[in-house]
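Trainee: I would like to work through this fold step by step. Can we look at the model together?

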Amino acid sequence: MQPNRNLLLRATGFYHISRIGVIRGFHPLLAALLERWKSETHTFVLLVGEVTMSLIYLAYTDSSSDFLQNQSIAIFGREPVVNQSSKSYIKLGWVRRIRDAELLDTVESIRRYVRCQIFCLLGSILFADKSTAYAHAKYLPLLRDFERIHTYSWGSTCLAHLYRTLCRAS
């Protein structure tokens, strides 16, 4: 008996995140928090005091077309359609079409479905930017080894992304 996609999604640690759905922006709240962000110290200065979390983060990105093609074939089973102006980004609509076309008749097809689902979550919820239509290819290597997906520190990575985004916005 083959595992179902929810079981494999649970094994990666992304099942509950996949249940979140669409998050609508709360612009007044975001604006208020942004006004209170102090980029020099990575803290929010609130009426009750400073709220701080320390985290050192690094990111390395290979934006070559070979990297993008090799990773996409390994993860999605297809060569991506690359836009010259955004060659290190993958269109989430393309990934969703691949996900929705999976037959789910083999363990590998279920894993490909789950990888597509996680990549969409990374681009639309966890590491979303203002476009919400693309996700950066730098996340692809993290999805290659299916058995290791659950071992990564996704929470601290989200925090690092939040810090970086707040610093750029403020």
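The questions below go from the whole chain to single residues.

Mentor: This is a predicted model, where local features need pLDDT of at least 70, side-chain atom pairs count only at pLDDT 80 or more, and totals for chains, interfaces and linings use all residues. Residues are numbered from 1 along each chain as its sequence is written, and side-chain values use heavy atoms, with hydrogens and water left out.

Trainee: How many helices and strands are in the protein chain?

Mentor: Elements are DSSP runs, numbered from the N terminus: helices are H or I with at least four residues, strands are E with at least two. From the N terminus, the order is α-α-α-β-β-β-α-β-α-α-β-α-α. The count is eight helices and five strands.

Trainee: What share of the 170 residues counts as buried?

Mentor: Buried means under 20% relative accessible area, exposed over 50%, and partly exposed in between, with a 1.4 Å probe and protein chains only. For this protein chain of 170 residues, the buried share is 33%.

Trainee: Which residues does F14 contact, leaving aside neighbours within four places in sequence?

Mentor: Contact means heavy atoms within 4.5 Å. In the largest core, F14 is among the residues with the most contacts. Its partners beyond those neighbours are L9, I118, L121, L122, L126, I149 and W154.

Trainee: How are α5 and α6 oriented to each other?

Mentor: Axes are lines fitted to C-alpha atoms, for helices over the stretch in contact, and angles run from 0 to 180 degrees between N-to-C directions. Under 35 degrees counts as roughly parallel, over 145 as roughly antiparallel, 65 to 115 as roughly perpendicular, and the rest as oblique. α5 and α6 pack at about 155 degrees, with axes 9 Å apart. The pair is therefore roughly antiparallel.

Trainee: And what is the orientation of α1 to α6?

Mentor: Helix α1 (residues 5-12) and helix α6 (residues 107-126) pack at about 55 degrees, with their axes 9 Å apart. That makes α1 to α6 oblique.

Trainee: Which hand does the crossing of α1 with α6 have?

Mentor: A crossing is left-handed if the near helix is turned anticlockwise from the far one by less than a right angle, and right-handed if clockwise. α5 passes α6 in a left-handed crossing. For α1 passing α6, the crossing is right-handed.

Trainee: Is L92 buried or exposed?

Mentor: L92 sits in helix α5. Apart from residues up to four places away, L92 touches F119, C120, G123, S124, T132, A133, Y134 and A135. With a relative accessible area of 0%, L92 is buried.

Trainee: How far apart in space are L92 and T132?

Mentor: T132 is among the residues that L92 touches. The two are 40 residues apart in sequence, and their C-alpha to C-alpha distance is 8.1 Å.

Technical notes. Core = buried A, V, L, I, M, F, W, Y, C linked by side-chain atoms within 4.5 Å.
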